[in-house]
Each structure stands twice: as structure tokens, then as C-alpha cells.
Amino acid sequence: MPLARSISVTSLSGLDEWDEEFELEDAVLFEIAWEVANKVGGIYTVIQTKARLTCEEWGENYFLVGPYTESNVRTQVELIEFHNSVALFTVNPVSGVGVCACVFQVYFGRWLIEGSPYVILLDVGFTAWSLDRWKSELWENCAIGVPWFDREANDAVLFGFLTAWLLGECDEAPRILAHFHEWLAGLGLVLCRQRHLPVATIFTTHATLLGRYLCAGNVDFYNNLAEFNVDKEAGDRQIYHRYCVERAAARCAHVFTTVSKITAIEAEHLLKRKPDIVTPNGLNVKKFSAMHEFQNLHATSKARIQEFIRGHFYGHLDFNLDKTVFLFIAGRYEFSNKGADIFLEALARLNYLLRVNHSEVTVIAFFIMPARTNNFNVETLKGQAVRKQLWDTAHTVKERFGKKLYESLLVGQLPEVSKLLDKEDFTMMKRAIFATQRQGLPPVCTHNMLEDSTDPILSCIRRIGLFNSAQDRVKVHTHSFLSSTSPLLPMDYEEFVRGCHLGVFPSYYEPWGYTPAECTVMGIPSVSTNLSGFGCFMEEHIADPSAYGIYILDRRYRGVDESCNQLTTFLFQFCQQSRRQRIIQRNRTERLSDLLDWRYLGRYYVAARHMALAKAFPDQYMYEPHDPTSTSGFRYPRPASVPPSPAHSLHSSPHHSEGEDEEERYDEELEAEKDRMNIRQPYRNKSPPVDLPEKN
């Protein structure tokens, strides 16, 4: 019997095949962003992970442009001689790294990431003396005034004028395509159009400025998108000049893109232009050589987290770590935008449900959000010291015990148990036990917060009363940052994520959402929302996301209390899963990695570049636009075996009964093969794709 498939697959949603051939040998691509070799936020991840695929497409004609920062260049960039294979510049740089045209300092090199792309770094500090003159020019030509006190906007002015100068010097390059990311780089695009430079331009907004500010102010954002007086709202928040730069860049670009459909709706209302195409964010998905090695990595990392928990809860370790579920939320410290408020409220309700149902499961929720701290919490450090002391004591007693046992066996006698442990051993163990006694409860925070009394997370914890008491089945733990050199939890972020069971990201404002995407690639289930780009993307391409470990919380059409109840239900059902069911779900989650691979999602960027070249140079290029809202594409069907939670399951044990329906049996290889058939394989050398045949 043939395997069931949902839709005949030809391409990713919204992108059919195009027939036009684009000759890129005589074109040069500049990708311009403030986060080139300069990690600030998520745009850094987008550019870094996409670089290899772009290098494969454009070769030596691909250049990344960003700001020069000495500390970043020392560790991320290899400075080399100025590249001139495509006769880019009419100016002659001094020894490749130096002063160009006697006023601008430009650095050239290779970014030490996958793909090793060329980078051109512009020293904005070296040209700061031109700031007043360029601000005047910006006001005279574009009627945009930048206040003197906004340092970030001042940097954007310097960077924009330097970028426009750089592109203006590329007179000998046949065709130039410039891709600008976010408002910090957008001024360069505005100047290119104002100066009528022969440059094809793309502008990508990853999150609108005004949208982020409005959501941070607890505004009913999505229900009032069409009603906002954007000029007044931007002026009230003192970002009108930034908003003008962003809106001008969006309106002036040949092609305007954004990262998700939810952000496209937002941009249409706030920036007054509908995006030409949506370009979802991807990742470089690294496949492991051994099948299901990610399950072993999960077990290894989970064991390290359990060791930290043993120390942190010393004296109150009255729960079974083998029946403990680790949840976490991570990202910028935006209490409402990132959904930390609704997560804490759901944890309080989950705590009640677990207690009244007498559940043996314990939940430990981690908050990995950077906050202002001055040092580690002394009580937390003491916990790890006590754990180490107990381990050393147990190891010492074990060695003494083993030595006596060995000597008894050497003489051919069975040992007397009473003689293997003497009074000194018992005294040592009693002292170790007394050291585990503590007066207070385990702290909810690993660091001393600078604004403890007004911190949003800590204030909410005080309100809901989750203080890690013995009666609580939900324990809360805030951790400001993760580092492999930390004396508390020596793990980097990726290792920590692999050791957790569920990532919870109930964001209200999330243009894309790399945190749940990273969980998916590592085989960790996650909770997202239909107000995040990631959640909308998964809802579009998966018939039953929860079966694959992607729980989509409805925050668009439900009130806060309803959404909180839905999240509580998700968490409670997840806690009811058996170990076998969690393993099955992780297998399914990891199989979704192909959805987020740049090998697939990079096609959207290819389409945007072709569209921009065709608009700017219609005599040389031709491109037939496609409707980005088209529903054609691949779609994962709902798995036919082993439902994701006991709420819909006929069994919870790993063993099947004799009379169990054959369709409820779980066959990992069969499911994996069916999922692979629902993804069109990437094609090479522009050969037409071939649909995989159905197998009997």
C-alpha cells in the first residue's frame, strides 16, 4: 500500500521554478549590515550562517560590508591585501589596509566563518569629524534630522555615507547589487538612490523599529495595526529620525523583503510598503555521521545539568532527577515581548495541576536572559562547593572500601561487611551529610541582580510564590548567561539546549525566532506562537506541528488568559509523556531540520536578488514575479503512529499489547522515509527537480 502524502511537492511555499537564466559573472553582490563581523543580535546569525551558500552562488564577487571594530577584527577577521580581481575600485588603497582617498579608512579581509567570505570594514570612528557636515547634507537632501545625543543614529549616518561612497567608487564593476539589512545600514541605500548610483538595491527589515517599541509598551499591537498614527507614535518615543531612515530605505529599495508573513503585515502598515517577497531565516544544519547521535548528546548534556541541580538544591533534593523535566526560555531580556510573563503565569498553574494530580514529575524552568548583575550569588557558589565536597568524600570512602575488599579477596576470604567501613569512614560521611544542611530555600537566581526589587522576572516570581519549596512541583531558576568557563554551570548555550527537554518561547513580538529554530535543529521540542515568524512558518508546512514537537500557542486570536491556559495545557501534557514518547518526539523534531536548512530557504534570497537585478537593469535581466502568498509547497503529514501526548494516546508503556491496532505501532524508519518523501531534494546546476516516487 503506498504511503500517504499530503501534497504533491514541487518547491517551497510561494516559490515556483523560474525559467530565467541569470549570468552572475559580470555582477557584484555587496551585503551590508551593522552586524557583519560584529555580533549584536540575530542579524549576525542570519548573515553568518547564510555566507557559505551565498559564496557558492557568487564566488569571488561576493563582499560583506560592515563597521570596523578592533576587538572583533582581532578574533574574527584575517586582514589581507585589497582584492581587485573585478576592478572594483578606482581609488588606490595604501598597502591594502589604510587610508583611501586620504579621508576614509577601509580594511579588507576574510571573515573566519564557514565560506570565508570577503569583508570590507569601514572605520566610522576615523571619519567622525565629518558627522556635522553629513548631517547637514542629510537634512538638505532628505529632510531627515538626526539629534546630536543619539549615538546609535550618529553611527548610522557615518556608516551610511561611507557605504554610499564605497558603492560610488565601484565605477568599473559591470553591475552592482547591494543588499542592506535593517535601518542602521538603510541610510546607505537612501543615498544611493538620491545620488542616482547604478546600483540594484534590496532592503530587508528583520523587525520594524516602531513595532518593537510599541510592543514593549504593552500596546494592543496586532489589533490596532491599521489605526496607529505612525508619525506621532514614533515622535512620542523619540525615534522619529530612526523611523524616517527605515521607512525611506523601505520605500526607495528596488526590492523590499522581510523575514516572515507576520512581519510583512506589520511592515505594510508601519512602513507603508508591502514586502515584495518574504525571506525566512535559516541555519546551517549539520548532520551527524551516526544515526540519532543527537539522542546521545541529549543524554550527556542532561547529565551535566543534573549535576548542577544536585548542587543548587543541596539539602532540598527531595525529588527524583530521573523524573525531572527541564524547560527553558532564552533571548533578549524583554519581559513581555519574549513571553516571560505568560510563561511564569503558566508555570504557576502547572504547579497547581501537578500537585493536585499527585504527579511524580518535577519541572525545573530555566530563564536564560542577560540582566544587569554584579557577581555570582554566594549561596549558589556554596551549593556547587558542597556538591564537590560530597563527591570527594564518596570517592575517598569508595577507595578505602575497595582497598579493604581487595585485600580480603587476596587472602581467599569473603569480607565481613561490618569491617569494610570503620568509624573513621562513618565520621567522614556524617560530616558530609551535616554540611548539606541549609537554613533557607534554594535561590531562584544564580547572580546578584543590580535592580532586584524592580526586576520583572523576580517581581513576578514573588507574586506567584514559586520559591523552590518542597511542596512545589515546579522549580524556577534564573541564569543570566551561559559559558563553558562558568564555575556554576560550565556549558555553552548549544550544550545546554541539548540537555533540556522543552524550549518555551511564548513571544508576543518575534519577527522570526532563532531560539525555537535552534531547538528544532538539535532535536529538542519547543513552544512557539502564531505571532512569531517561526511559528507561522511551521504551521504552514506541518499538518500537525505538535506531533513533531512544535507546539504553536495562539496569541493572535485569543486573550492573554486563554493563551496562558493553552500553554499550561501544553506543558501539563508534555509532563505526562513517558520517556519513550519523548524519545519518539525528539526523533520527529530533528527530522524537521531540513525545513530550516539554508539549502532550501536560501532560494528566497536568490529570488529577491534576481528580482532586484531585473528591476534595476531591465535590459540585461528579466524576472517573472511570483506570488509570495501562494500555498503550493511541501507539507509534512500528521504521523500515523504513537500520538505525541497521553491525552490522545491508547498506551503509555513502551510495550505494545497483542490487540493493538497496527497503525498505532511506531516504526522510526518508515516514518522517516515518509517525511523525506515530503521534502523536495535540492537540485544542482539548475537541472529541473525530480519528485521522489512513492514507495510501496
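A crossover is called right-handed if, with the strands pointing away from the viewer, the path from the first strand over the helix to the second runs clockwise. Helices (H or I, at least four residues) and strands (E, at least two) are DSSP runs, numbered from the N terminus. This is a predicted model, where local features need pLDDT of at least 70 and side-chain atom pairs count only at pLDDT 80 or more, while totals for chains, interfaces and linings use all residues. Residues are numbered from 1 along each chain as its sequence is written, and side-chain values use heavy atoms, with hydrogens and water left out.

**View 1. The whole chain, before zooming in.** The protein chain comes to 22 helices and 18 strands. Of its 696 residues, 56% are buried (under 20% relative accessible area; exposed is over 50%, partly exposed in between; 1.4 Å probe, protein chains only). Take the contacts (heavy atoms within 4.5 Å) with a separation of 6 or more: 74% of them are between residues 24 or more positions apart.

View 2. E7 (residues 175-181) has 7 of its 7 residues buried, so the rest of the structure largely encloses it. Arg175, Leu177, His179 and His181 point one way, Ile176, Ala178 and Phe180 the other, and all are buried. Strand E1 (residues 27-32) pairs with E7 in the parallel sense over 6 bridges (pairing takes at least two DSSP bridges between two strands), and Ala27 sits opposite Arg175. E7 also pairs in the parallel sense with strand E8 (residues 199-205), again over 6 bridges, with Thr204 as the bridge partner of His181.

**View 3. An open sheet of 6 strands.** Read across, the order is E15-E12-E11-E16-E17-E18, and the pairing is parallel. Strand E15 (474-479) and strand E18 (550-553) are at the edges with a single partner strand each, so one side of each has no neighbour in the sheet. From one strand to the next, the twist averages 25° (angles run from 0 to 180 degrees between N-to-C directions, and axes are lines fitted to C-alpha atoms, for helices over the stretch in contact). Helix H17 (residues 514-521) packs on this sheet and touches E11, strand E16 (502-504), strand E17 (526-529) and E18; the direction of H17 makes about 145° with that of E17.

**View 4. Strand E12, covered on both faces.** With 7 of 7 residues buried, E12 is largely enclosed by the rest of the structure. On one side are Thr362, Ile364, Phe366 and Ile368, on the other Val363, Ala365 and Phe367, and all are buried. The chain gets from E11 to E12 through helix H11 (residues 340-356), in a right-handed β-α-β crossover. Strands E11 (residues 324-330) and E12 (residues 362-368) pair in the parallel sense over 7 bridges; Phe328 stands opposite Phe366. E12 is also joined to E15 by 6 bridges, running parallel, and Lys475 is the bridge partner of Ile364.

**View 5. Helices H10 and H12 crossing.** Helix H10 (residues 293-312) and helix H12 (residues 378-410) pack at about 105°, axes 7 Å apart. That makes H10 and H12 roughly perpendicular (65 to 115 degrees; under 35 is roughly parallel, over 145 roughly antiparallel, the rest oblique). Among the contact residues are Phe308 and Arg310 of H10 and Gln384 and Arg387 of H12. Gln384, at 8% relative accessibility, counts as buried. Leaving aside neighbours within four places in sequence, Gln384 is in contact with Glu307, Phe308, Gly311, His312, Pro487 and Leu488.
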